[in-house]
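Please consult the sequence and structure shown below while reading.

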Amino acid sequence: MPIFEGFQYGLILTLIVGPSFFYLIRVSIRQGFRKAAAFTFGILISDLVFIAGIFFGMSRLFQQAAFQVSFSFIAGSIVLGMGVRYVLKGRDKSPILENGNLPEEKNKSIFSYLLKGIVINGFNPFTVMLWITVLGTVAVDKEYEGQNFLLFMTGLICTVVSADLTKAYMAHRISKLLKPRVLHIIDLVLGIIFILLSFRLFYFVYEHYSEV
């Protein structure tokens, strides 16, 4: 059945680790499950926008070199800035208080984390290409249309969202066991991952111009 096929595809997608995953874990540890859930639904919104765009014939635009290059450059700049920020946070040991705890971070609204989910996932060009690949595979191999397509996508999206919420909940549960210095290490690792991803995006831009 299409909904079970979507479930299987969703399980595969949950194994793909990107910047959104690492930031989701950080939000859950630092800010709690509710804000991590808001971040997850931000990811969902950006995914739905991409899926709708591809479904309504914008896949050609997404596959154009000019779009991919400009999108990669913008995304690389944003991710690099975030990476540098979190590396500096991870290296800064001064926030640790005398009692060994960390001071509370600025209490941002749930809506701000919803927007962050949209931006971080939405400005990842590999997300676009991932959905083009998935939907293209479904169209060619499964030949789902109409109700069957909706059932497939329902199974897939529900699986991905449920997996992200489970990750966020588990991260929140173990956060109470983590010492402040471990949280600094998490910030440092997250920053390095973001910087490496930005280099990958910039290299994609370089490859395009070196071939012209």
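The points that follow are grouped by topic and refer to a predicted model.

The count of aromatic pairs comes to six.

**Tyr 23 and Phe 39**
- The ring centres of Tyr 23 and Phe 39 are 5.1 Å apart and the ring planes stand at 50 degrees, so this pair is tilted.
- Tyr 23 belongs to helix H2 (residues 19-31) and Phe 39 to helix H3 (residues 33-63), and the two residues are 16 residues apart.
- Tyr 23 and Phe 39 are both buried.
- Ring pairs join Tyr 23, Phe 39 and Tyr 86 in a cluster.

**Phe 33 and Tyr 169**
- With ring centres 5.8 Å apart and planes at 90 degrees, Phe 33 and Tyr 169 form an edge-to-face pair.
- Because Phe 33 lies in helix H3 and Tyr 169 in helix H7 (residues 146-175), the pair ties together parts that are 136 residues apart in sequence.
- Phe 33 is partly exposed, at 28% relative accessibility.
- Tyr 169 is also partly exposed, at 41% relative accessible area.

**Contact of H2 with H7**
- The axes of H2 and H7 come within 8 Å and cross at roughly 40 degrees, which makes H2 oblique to H7.
- The H2 and H7 crossing is right-handed.
- Residues of H2 in the contact include Phe 21, Leu 24 and Ile 25, while those of H7 include Asp 164, Lys 167 and Tyr 169.
- By class, seven nonpolar, three polar and two charged residues make up the contact of H2 with H7.

Technical notes:
Residues numbered from 1 in each chain as written. Predicted model: local features only at pLDDT ≥ 70, side-chain atom pairs only at ≥ 80, totals over all residues. Heavy atoms only, no water. Phe/Tyr/Trp six-rings, centres within 6.5 Å; stacked < 30°, edge-to-face > 60°. Helix = DSSP H or I, 4+ residues; strand = E, 2+ residues; numbered from the N terminus. Buried < 20%, exposed > 50% of the residue type's maximum accessible area, 1.4 Å probe, protein only. Axes fitted to C-alpha atoms, helices over the stretch in contact; angles between N-to-C directions. Parallel < 35°, antiparallel > 145°, perpendicular 65-115°, else oblique. Left-handed = near helix turned anticlockwise from the far one by under 90°. Contact = heavy atoms within 4.5 Å. Nonpolar A, V, L, I, M, F, W, Y, C, P; charged D, E, K, R; others polar.
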